[in-house]
There are 2 protein chains.
Amino acid sequence: MLRRATRLSPRVNGQRLNGWMSAIGEFGKNPQGGVTRVAYTDADVAARAYAMQLMRDAKLSVSVDAAGNIFGKRAGVDPSAKPIIFGSHVDSVPEGGNFDGNVGTLGAIEVARTLGEQNIGTKHPLWVVCWQNEEGGTWGSHLVTSDPTPVELTTMSQSGKRIADGVRFIGGTPDNIAAARLRRGDAHGYLELHIEQGGTLERERRDVGVVEGIVALGQWDVTIDGFANHAGTTAMGERHDALLSAARFTDMVNRVVTAEPGGQVGTVGRIQAFPGARNVVPGKAICALELRDLEDRKVQRLYDVIVAESRKIGAMNGTTFAFQHVITHESARCDERVRSLIGASATSLGFSTRSLPSGAGHDAQNMARVCPMGMIFIPSVGGISHSPKEYSRPQDITNGADVLLGAVLAMDAAQF
Amino acid sequence: MLRRATRLSPRVNGQRLNGWMSAIGEFGKNPQGGVTRVAYTDADVAARAYAMQLMRDAKLSVSVDAAGNIFGKRAGVDPSAKPIIFGSHVDSVPEGGNFDGNVGTLGAIEVARTLGEQNIGTKHPLWVVCWQNEEGGTWGSHLVTSDPTPVELTTMSQSGKRIADGVRFIGGTPDNIAAARLRRGDAHGYLELHIEQGGTLERERRDVGVVEGIVALGQWDVTIDGFANHAGTTAMGERHDALLSAARFTDMVNRVVTAEPGGQVGTVGRIQAFPGARNVVPGKAICALELRDLEDRKVQRLYDVIVAESRKIGAMNGTTFAFQHVITHESARCDERVRSLIGASATSLGFSTRSLPSGAGHDAQNMARVCPMGMIFIPSVGGISHSPKEYSRPQDITNGADVLLGAVLAMDAAQF
């Protein structure tokens with residue numbers, strides 16, 4: 001007979017969970033550490049098969065939706081109640097780590113397994129999810145929370161397969177993608193456990209992060225036109241050096257972004273110079289600019305300042321700046337009530353907490369369009385991610401799964 | 001019967017010379033203007049054949065030396081006198097112009113043709129030269145003024161051929177390269193007419209430049225090591241952004257080079273960021289640095305300042321700088337006496353002159369090791385070269401050849 005959770009919180013089996021973490025790290029393992037488990041590759045399929053087996057072992061009913069996402073479902077007591085969805089992903093960036101995504105997916109399966117073992121029933125159905133191709137741009141959650149166009153499905157992915165072909169490769173049915181659609185109200189709530197990928201929790205010695213929201217992101221290509229000329233014969237005062245302007249631009253972006261308090265970040269990740277020869281004054285340069293902040297308005301405001309400052313830089317040496325918009329992601333706020341129950345779950349377990357934004361994108365940002373959403377972060381050692389050096393301690397992984405377990409049960413009891 | 005030059009200076013046939021200039025522009029002509037006539041390609045061979053035909057038309061005795069250089073020789077009156085060598089090159093950079101090199105080569109042939117037509121004899125033999133592969137690094141003059149190692153001859157050239165194969169392709173005999181050796185004292189003097197490739201003469205409205213010397217050049221690869229991390233999750237204060245340091249380095253190089261008066265130039269022609277992704281804080285950057293000045297010591301001093309300043313930049317965000325030496329060319333001073341007779345030739349023709357350094361390398365810098373050397377510059381419109389927009393006016397080309405003619409005759413009369 002199923003019993004309801006008591007005030008004495010149930011705990012996950014941390015040893016088992018960390019064993020799974022080691023085991024999944026074999027799929028796409030790199031000699032230098034970490035994994036390359038790009039979505040729609042054999043390593044991705046192998047890791048997904050492993051996750052499905054763990055779901056079955058946890059007595060979940062496993063299915064792959066039309067968009068290629070894996071769901072492990074467990075019935076609730078109330079037949080009219082909407083599901084609580086929680087999970088993450090198992091794909092990685094090229095030469096990435098074994099913690100980004102895996103912690104949240106395997107942590108969610110461990111929560112379901114613990115509830116099953118302890119015969120703890122819930123009012124709401126529980127759906128453990130493993131989203132497909134998160135690293136390529138949260139594709140799995142995007143496809144089920146929007147109405148993708150056929151053209152979108154032809155986007156080339158990192159694997160070399162187009163999205164539709166990739167979805168088919170992992171067992172989805174891209175021609176019937178609408179069957180997987182989740183609309184507002186289709187779920188009671190969404191929870192995602194994840195590594196922080198930054199150094200805030202470690203630096204401030206906090207056990208658990210309660211995520212405020214996922215930052216807004218803007219990306220632009222900045223093209224600077226000058227005039228290419230001989231680097232030996234063109235006097236310094238006669239130059240229209242596009243790379244010099246790109247350099248001043250890069251320094252200025254850093255200055256503008258750090259000029260005020262807050263968690264905003266700004267990055268120039270690449271500068272291409274043309275012709276790019278050692279003995280030619282560059283006549284053209286292209287910079288890749290990215291700005292992120294929890295406030296969409298701040299991203300826009302910083303961008304406006306950067307555009308204005310770049311005009312001054314161009315005027316210094318007769319170069320011109322042109323900004324081409326690449327992408328904008330609006331910020332996704334975590335639901336206040338979900339943040340509150342995550343915080344309460346952590347506190348009741350004796351963990352120190354901190355509220356913080358997520359600087360990285362997550363499937364949770366898409367699920368915010370469907371239901372109240374929240375995220376739990378655990379510390380990343382050294383703040384490193386998307387790297388073979390990505391690491392989170394076993395105890396922190398266990399802690400995160402325990403907080404998730406408490407939050408699932410609290411969400412089950414909550415009236416949203 | 002040959003006659004000696006009179007005080008009334010002979011003049012070249014400018015119309016003929018400029019007709020040749022147009023004709024040679026057909027070899028490797030680009031649709032967008034200018035030429036691509038890279039050494040050791042079919043276009044190069046075609047332009048060389050044209051130059052050889054012009055030499056024969058000028059009644060010069062044509063030969064190709066072991067290093068692939070073309071000589072058009074005319075006997076002197078004094079059998080013991082050393083030759084006066086003058087000329088330039090006909091190869092170009094990819095997508096270059098039709099004036100760099102051609103003006104000096106065809107101008108030299110026109111001088112010889114004029115002397116022949118006017119029956120003007122000289123004491124010294126006259127050797128009109130067309131050096132091979134100037135743009136790849138003054139290879140033709142280098143090979144005959146040094147003792148190249150077999151390894152050097154395996155250097156890959158822009159054409160895709162190794163130097164030895166390229167020399168063979170254009171009619172040289174690379175296995176017998178020592179036969180072409182020119183040693184100190186083997187020539188009476190060397191003269192080279194060339195376009196300025198900078199904007200000084202045009203800006204100051206001078207007809208002719210009397211070159212002071214060819215600048216010293218130093219090139220380095222500057223590798224900056226930081227730490228790659230997620231651009232969304234890594235707080236600004238936690239970053240070791242190698243590209244930000246590269247940007248500050250590039251701005252600093254400009255500041256250091258322009259901080260004092262003089263003709264020194266400093267260029268960062270390329271910055272490569274690693275991994276170079278839009279959403280990753282760059283962990284590594286490589287900058288291509290080049291410094292030039294007429295004073296070797298100034299190049300070294302500026303470099304020392306740049307190295308010291310880079311340490312401060314690295315300390316700002318925990319990045320490190322490493323400088324790898326690529327190449328050093330020592331400066332080559334033009335002979336004072338040759339400068340003087342070039343200036344006198346120009347002045348006697350009514351041209352305004354200006355002394356100036358050559359920021360670009362030329363075959364003349366190698367010939368300075370053999371004999372007294374001087375160079376004549378004519379204006380480059382807009383100071384542009386190594387570009388389809390490279391242009392020098394027909395009148396300036398004629399003027400330059402007239403100055404060369406006078407300088408050859410004055411050198412013939414001079415006791416060095």
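Visitor: At what angle do helix H1 and helix H11 of chain A pack, and how far apart are their axes?

Guide: In this predicted model, helix H1 of chain A, residues 14–24, packs against helix H11 of chain A, residues 394–413, at an angle of about 115°, and the two axes are 9 Å apart.

Visitor: Why is H1(A) called roughly perpendicular to H11(A)?

Guide: Angles of 65 to 115 degrees count as roughly perpendicular, and the angle here is about 115°, so H1(A) is described as roughly perpendicular to H11(A). The crossing of H1(A) and H11(A) is also right-handed.

Visitor: Which residues make the contact between H1(A) and H11(A)?

Guide: From H1(A) come A:Gly14, A:Leu17, A:Asn18 and A:Met21, while H11(A) contributes A:Pro394, A:Ile397, A:Thr398 and A:Ala401. Sorted by kind, the residues of this contact are five nonpolar, three polar and no charged.

Visitor: What makes H1(B) and H11(B) roughly perpendicular to each other?

Guide: In chain B, helix H1 (residues 14–24) and helix H11 (residues 394–413) pack at an angle of about 115°, with axes 9 Å apart. Since roughly perpendicular covers 65 to 115 degrees, H1(B) and H11(B) are therefore given that description. Their crossing is right-handed, and the residues that meet are B:Gly14, B:Leu17, B:Asn18 and B:Met21 in H1(B) and B:Pro394, B:Ile397, B:Thr398 and B:Ala401 in H11(B).

Visitor: Why is strand E11 of chain A described as largely enclosed by the rest of the structure?

Guide: A residue is buried if 20 or more other C-beta atoms lie within 10 Å of its own. Eight of the 10 residues of strand E11 of chain A, which spans residues 284–293, are buried, so the strand is said to be largely enclosed.

Visitor: Which strands pair with E11(A), and how many bridges join them?

Guide: Strand E7 of chain A, residues 216–225, is joined to E11(A) by 10 bridges, and the two run antiparallel; in this pairing A:Val222 stands opposite A:Cys287. Strand E9 of chain A, residues 265–274, is joined to E11(A) by nine bridges, again antiparallel, with A:Ala273 partnered by A:Ala285 and A:Val265 partnered by A:Arg292. At least two bridges are needed for two strands to pair, so the 10 bridges to E7(A) and the nine to E9(A) meet that requirement.

Visitor: What makes E9 and E12 of chain A edge strands?

Guide: The open sheet has four strands in the order E9-E11-E7-E12 of chain A, with antiparallel pairing. E9 and strand E12 (320–329) are the edge strands, as each pairs on one side only. From one strand to the next the twist averages 15°. Helix H8 of chain A, residues 296–317, packs on the sheet and touches E7, E9, E11 and E12, its direction making about 155° with that of E11(A).

Visitor: How many residues does each chain bring to the contact between chain A and chain B?

Guide: The contact takes 50 residues from chain A and 50 residues from chain B. On the side of chain A, helix H7 (242–257) is one of the elements that supply at least two residues, and H7(A) gives the most, with eight. That side divides into 20 nonpolar, 22 polar and eight charged residues.

Visitor: What makes strand E6 of chain B largely enclosed?

Guide: Six of the seven residues of strand E6 of chain B, residues 208–214, are buried, so the strand is largely enclosed by the rest of the structure. E6(B) runs parallel to strand E14 of chain B (residues 353–358), with five bridges, and antiparallel to strand E15 of chain B (residues 373–378), with two bridges. B:Gly209 stands opposite B:Arg354 in E14(B) and opposite B:Phe377 in E15(B). E6(B) also pairs with strand E13 of chain B (residues 332–333) in the antiparallel sense over two bridges, where B:Ile214 stands opposite B:Ala332.

Note on methods:
Residues are numbered from 1 along each chain as its sequence is written. Chains are lettered from A and ligands numbered from 1 in the order in which they are written. This is a predicted model: local features need pLDDT of at least 70, side-chain atom pairs count only at pLDDT 80 or more; totals for chains, interfaces and linings use all residues. Axes are lines fitted to C-alpha atoms, for helices over the stretch in contact, and angles run from 0 to 180 degrees between N-to-C directions. Angles under 35 degrees count as roughly parallel, over 145 as roughly antiparallel, 65 to 115 as roughly perpendicular and the rest as oblique. A crossing is left-handed if the near helix is turned anticlockwise from the far one by less than a right angle, and right-handed if clockwise. Two residues are in contact if their C-beta atoms, placed from the backbone, lie within 7 Å. Ala, Val, Leu, Ile, Met, Phe, Trp, Tyr, Cys and Pro count as nonpolar, Asp, Glu, Lys and Arg as charged, and the others, Gly among them, as polar. A residue is buried if 20 or more other C-beta atoms lie within 10 Å of its own, exposed if 12 or fewer, and partly exposed in between; C-beta atoms are placed from the backbone.
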